[in-house]
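Subject: structure for you to look at

Hi,

Here is the structure I promised to pass on.

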Amino acid sequence: MANVVVVGAQWGDEGKGKIVDWLSERADVIARFQGGHNAGHTLVIDGKVYKLHALPSGVVRGGKLSVIGNGVVLDPWHLIKEIETIRAQGVEITPENLMIAENTPLILPLHGELDRAREEAASAGTKIGTTGRGIGPCYEDKVGRRAIRVADLADKATLEARVDRALQHHNPLRKGLGIEEVDRAGLIELLAEIAKEILPYAAPVWKVLNEKRKAGKRILFEGAQGSLLDIDFGTYPYVTSSNVIAGQAATGVGIGPGSIDYVLGIVKAYTTRVGEGPFPTELLDDDGERLGTRGHEFGTTTGRKRRCGWFDAALVRQTCAISGINGISLTKLDVLDGFETLKICVAYDLDGQRLDYLPTAADEQARCTPIYEEMPGWQESTEGARSWADLPANAIKYVKRVEELIECPVALLSTSPERDDTILVTDPFAD
Ligand code: IMP
């Protein structure tokens, strides 16, 4: 298979960074197609830890082209800082190995300010629990046709006209929220300064990728967040502001949907969520605490404690269908080591009826209670296992049951943050 899309199949933080890094060794191009620096991907390579937010995971591997597609929203000041940090760790980043689509919308300081002001003003129950990075407001400007895009940085007159258009919308909004008006001249100056650093990376990404595809190069599409945070199919409104499902890979870089050969879903062996919103299998007891502690469940971007719960097969079955997932990578199985009994949610009870998916209506979601199946746990350690033979029988049974319930096979099994602690069943890039 030439081109593989990697998507999170839960609420994000499934361990995509490691798997993308693992697959990127086989790829020629690694492309981000949605989201922004709300994402946090941790890579551990030879004991060295790299924390990426806006940069595609491919940058840390030599000889690969990394691409930021138009489906992303880009904070240029953040990106330049991130490039400097990663460079300081010995990684080479140049316009030869990093390209940014010219039609990528820019996150401005006013987007972050609006994001945070709205969250602060929201009453309990209406807060989204965003990362505060301006992601939502920037996507709003994109569809509102008032975004400033990378290409606009190249021409002063265009840039000024775009700023005016954006401020026509933002200044009255800020007034209503009690924030002072934007300093127009200051913003134009800031943009003109950062333009010098960003423009060298600007490229017609759609064209470059189509040429790569024709030349038989392998493209890895790196998703951020998770399918349950998708703007259409997630637990709306407690979602992020982009489509995160596999279909977005094509529109997010400008390539045909027929170019996608394999969709790999990343699935954690239990469930976590950061921020507000429904979470049917959430555990507020010692088991939940234990999952969080053993799994080091703190956000890479915000440091917030993640909510933890049992594996929800009904939800993952749903996201596998929506993204057309061909195989999953099951991560963090070792966090379940030592539990006497494990529970898996197989369906929901809604007013006495069994439902095999999570309904869309908020009131129905709130009334859904999980129907659990129990399985015996295992006491042995699975951490660092590199073959099925290294796994206890009950761990294998758990994995097999997950496959049956989500109606999708396991392609990879990850048993620690180290890239080589991976059991390969099906290589997504294999022909
Ligand atoms: P936003 O993307 O900052 O607008 O946040 C919207 C929701 O998505 C919040 O619940 C965030 O916690 C969540 N979110 C955004 N990015 C990530 C991520 O990379 N991992 C997990 N949750 C995320």
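This is a predicted model: local features need pLDDT of at least 70, side-chain atom pairs count only at pLDDT 80 or more; totals for chains, interfaces and linings use all residues.

Residues are numbered from 1 along each chain as its sequence is written, and side-chain values use heavy atoms, with hydrogens and water left out.

Ligand first. As for polar contacts (N or O pairs within 3.5 Å), a polar side-chain atom of Thr131 sits 2.6 Å from a ligand oxygen. From the backbone, a polar atom of Val274 is 3.2 Å from an oxygen of the ligand, and an N or O atom of Gly129 is 3.4 Å from one. The protein buries 96% of the 470 Å² that the ligand exposes when taken alone (Shrake-Rupley, 1.4 Å probe).

Then there's Lys268, in strand 9 (residues 262-268; strands are DSSP E runs of at least two). Is Lys268 buried or exposed? It counts as buried because its relative accessibility is 1%, and the cut-off for buried is under 20% (1.4 Å probe, protein chains only). Its contacts (heavy atoms within 4.5 Å), leaving aside neighbours within four places in sequence, include Asp13, Glu14, Glu297 and Arg306.

Finally, helix 3 (residues 109-121; helices are DSSP H or I runs of at least four). Its buried residues, among them Leu110, Leu114 and Ala117, pack against helix 4, helix 5 and helix 6.

Cheers

Methods
A polar contact is a pair of N or O atoms within 3.5 Å; within protein, one must be able to donate a hydrogen and the other to accept it, and residues adjacent in sequence count only if both atoms are side-chain atoms. Buried means under 20% relative accessible area, exposed over 50%, partly exposed in between (1.4 Å probe, protein chains only). The expected span of a helix is 1.5 Å times one less than its number of residues.
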